[in-house]
Amino acid sequence: MTGMIFDVKELGVHDGPGLRTTVFLKGCPLRCMWCHNPEGLTMSKQLSVRENACTHCGACRKPCTHADCRPFGRCLHICPQGLIKVVGEEVTARELADRLLRNKMFWGEKGGVTFSGGEPLLQAEFVHEVLDLLGDVHCAIETSGYADPDTFLSLVKRMSLVYMDLKLADDGLHRKYTGVSNAPILKNLEQLLASGIPCVIRTPLIPGITDTPSNLAAIKELAGGLVQELLPNNAMAGAKYELLGLKFPLSSASSPDTK
Amino acid sequence: MNTQLYQTIVIEKSHRTLRRELPEIAQEYSVAGLTPIERMTRRFEWLCKEQEPMFLGDEKICFLRTTKNIPDVFTKEEWEEIRSKHYIHESGYPSNLTVDYGKILKNGLLALKDESDTYGCRSIDAILGLVERYRQAALAESRTVLAEGHAALADGRSALAHVLEQVPAYGARSFREALQCVRIINFALWLEGDYHNTLGRVDQYLYPFLKQDMEAGILTKEDALELVEEFFLSLNRDSDLYPGVQQGDNGQSLMLGGKTKDGSCGFNLLSELCLKASQELKLIDPKINIRVDKDTPDEIYTMCSELTKVGLGFPQYSNDDVVLPGLIEMGYAPEDAVEYTVAACWEFIIPGVGRDVANIAALSVPKVIDTCLHRDLPGCQCLEDFYKAVADEIRTGLDAICDNIKDLWFVPAPFLNLLMDTPKYQNFGIHNVGLSTAADSLTAIMEHVFDTKDVTAERLIAGVDSDFAKDPELLHMLRFETPKLGTNSDKADENLVWLLDTIADALEGKKNCLGGCYRAGTGSAMYYLWSAEEIGASPDGRRKGEPFAANYSISLFTRTDGPFSVLRSMTKPSLSRTINGGPLTLEFHDTIFKTPEAVAQVGQYVKQFVLMGGHQLQLNAVNADTLKQAQAHPEHYPQLIVRIWGWSAYFVELDRAYQDHVIARQEYSL
């Protein structure tokens, strides 16, 4: 089967132990206002244009005959500066596995592959198939934990390490800032705790939203002694939105009300 | 760290105000009809006399240049005549050599008098005369400051006097004496007019002194680190006076670690202290190199990555597993090869016995492709025809370079000669510039003109000649949609392998005018800017005016799959055949080094480079945004350091073209 990815990153140093290759799967059920991977939100291909470097030569606006340009109404194969790209690539499990395995020599005993996103669980079946093909490789997953319990457990069970996000303990705030309830996430957290699979609980520190003492205390409680990582806010997070023609929900104009 | 001394030398730079300008002497020497060696000896004697003994703060290692310029020994007319009769390398003065520091440390300068001619003896007397004046000045200052009630400083000065009584006249007895001795010898080489005076394997020739002092309880590890730091600081005092293409290009490199003669690992406590000192001082000198091999323990890679994190572009790695067999294959005796170090940048040289001219000339490989594109491609029936044309042109180009180097002549250097052994190796190194541009251009021709046939030779040539002005689609295809080095393409990689093999084949067996051989290299030196200006656009989609990548690196605009793919591409050739040196250079975004785990991972990446058969690696921690800020507000970034092609420099002191190139390099981020 095929999956939709938006990047394969070599030497992902913050995605697990050893030297790793990180696959970013496209599509996510959450809409976190601070998301720094907006190209991972939808499952469809998107046009990414670095408008700020554009000289408006007009080349990409002229009609062309390339089939792959048609959905976007712009020519993808002509920008002299290479400012136009399509984000999103449909690959078969075999293709992806082969691409990853080419760099197997780097992984050693400790390193391996990390599945990130987007939300890898949204393409769980595809990830299963890639895992089948990778064989005996240290695999990790970075997930929001938002999936039905069976999908979640059957996939994380196959991982050597799970990074799971816990962003907001309060369901109301979770709905407000991520667009979904945290109930499925908390249920999966329980499963994870019970499973004994090595895992790390991650919380992005978003000023005024997730970094409040009450939220952090509640998350600590929920994490039940698991290893926790607090991720510093990525001040550059907004930059990628512009490329996709999207608005960064957390731009300074829309600074959060904390109460 | 001696913060007061650091403040004086690095921040205030007040010692630079002590320097006097010297008058020209060439006319006088010329009128007197002096021989070249007499001129050099006489100038050295004069320069030694012109130096004023000066001490900075409570320094433990002294010697400071107090004259600005080194007046030439020949007039302009005389140089013209010399150049008409001889091949003159660069300025004509010896450079890029490593003297036998170990020998001086053992026996001292006076012991060399027996075996040296009158010029050598006069040079020894000249420098020892200056040392004696330093000694007396130290004693005098000691008395003065004692009278003023500064007992500690008085002790310091009298200790200095005590050290100068011993070195460099006689062999060193302690680690401190050894460091002072090396400082004076290095100082004297620069004063003689030799340049790119490298330091060699400091952790090998200095370690016995450190070990002995520590075992005797004279030094603690902390004392030793402080001395190493003072020694490093001493190398930054006069370095702004040293000539180079840009400020910072002064060749003060040193080598750590590596195999020893008995095959064991040479990394020792002093190697560790040198890494530490560089990490703490954050200075552009000395330039730190380290030799590694398949047995190098992980801790050493981690230690080195800690230094990389600081952002100086240190250390540069050389892989013994590739370099040693390469040198031996080229005719270096195993016992000499094992002592290798680097010249100013990355060219492998042997201390003492090596008189190689490691950077004698450069071949622009993209220019070869450009010639063949225009002259041969339209007539080529198949890809093999084109390869043959390129191979012939490479051979023709290298033959022309080699044939041009006849009657090589250097200005005599009697002091340097004292410290070198009888020359065993006089090989010439040839840089091969723009390798990635050339390999990617070959791939583009292979792919489009011969394999898919979607571009005719005429269209490609027209595109290149017009800088793709009327064919943006071709530009896009060549630049962004054609396989390149670093994009997981066997086709592209094989072209690099073929190019390096062809270059090595073309130089194999050739003898130079001194009886040595030619060594092919993967370095570019400054030619990555210069040679790029000689041609217009290239078939890889590089536009007119865009520079090549520095040294052995992938092209600046390649959409690489990442650092793994880059290593896979660049380690495919048999690099032991192109062993003049020239590193793969990678720039990592400085945020990669955030956690200790990430630092160790970078170390693992380097280890993998070594295991995969890379020859030389240069890793930089950079942040293009910071560099752009520094361009806009240089006054806020006086200490910001970047690595250029084989040396590190203060960013704000560089010409814009060199600054822009660093900013344009591939930057690997999180």
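1. The C-alpha centres of domain 1 of chain A and domain 2 of chain A lie 32 Å apart. Domain 1 of chain A comprises residues 2-45 and 88-240, and domain 2 of chain A covers 49-86; such bounds come from an automatic or database domain assignment.

2. On conventions: the model is predicted, so that local features need pLDDT of at least 70 and side-chain atom pairs count only at pLDDT 80 or more, while totals for chains, interfaces and linings use all residues. Residues are numbered from 1 along each chain as its sequence is written, chains are lettered from A and ligands numbered from 1 in the order in which they are written, and side-chain values use heavy atoms, with hydrogens and water left out.

3. Chain B is likewise divided, into domain 1 (198-345 + 583-670) and domain 2 (357-582). The C-alpha centres of these two domains of chain B are 26 Å apart. To their contact (heavy atoms within 4.5 Å), domain 1 of chain B gives 32 residues and domain 2 of chain B gives 40 residues.

4. As to overall form, the C-alpha trace of chain B spans about 85 × 60 × 50 Å along its principal axes. The radius of gyration of chain B is 26 Å, which agrees with the value near 26 Å for a compact globule of 670 residues. This radius is taken over C-alpha atoms, and the globule rule is 2.2 Å times the number of residues to the power 0.38.

5. Chain B holds 27 helices and 13 strands. These elements are DSSP runs, numbered from the N terminus: helices are H or I of at least four residues, strands E of at least two. Of the contacts in chain B between residues at least 6 apart in sequence, 78% join residues at least 24 apart.

6. Buried residues account for 63% of the 670 residues in chain B. Buried means under 20% relative accessible area, exposed over 50%, and partly exposed in between, with a 1.4 Å probe and protein chains only. Chain B exposes about 23100 Å², of which carbon and sulfur atoms supply 51%; the areas come from the Shrake-Rupley method with a 1.4 Å probe, and for residues only the protein chains shown count as cover.

7. The side chains of chain B include 66 positive and 97 negative ones, the centres of the two sets lying 2 Å apart. Lys and Arg count as positive and Asp and Glu as negative, without His or the chain ends; each charge is placed at NZ of Lys, CZ of Arg, CG of Asp or CD of Glu.

8. Most residues other than glycine have a negative phi, and most peptide bonds are trans. The bond from Gly117(A) to Gly118(A) is cis, with omega near 15°, and Gly118(A) sits in the loop between strand 6 (112-117) and helix 3 (124-134) of chain A. A cis bond also joins Asp285(B) to Pro286(B), with omega near -10°; Pro286(B) belongs to the loop between helix 12 (269-281) and strand 2 (287-292) of chain B.

9. Glu90(B), not a glycine, has a positive phi of about 50°. Glu90(B) lies in the loop between helix 4 (76-85) and helix 5 (101-107) of chain B and is partly exposed, at a relative accessible area of 37%. Asn551(B) also has a positive phi, near 55°, but is buried, at 1%; its loop runs between helix 23 (527-530) and helix 24 (563-570) of chain B.
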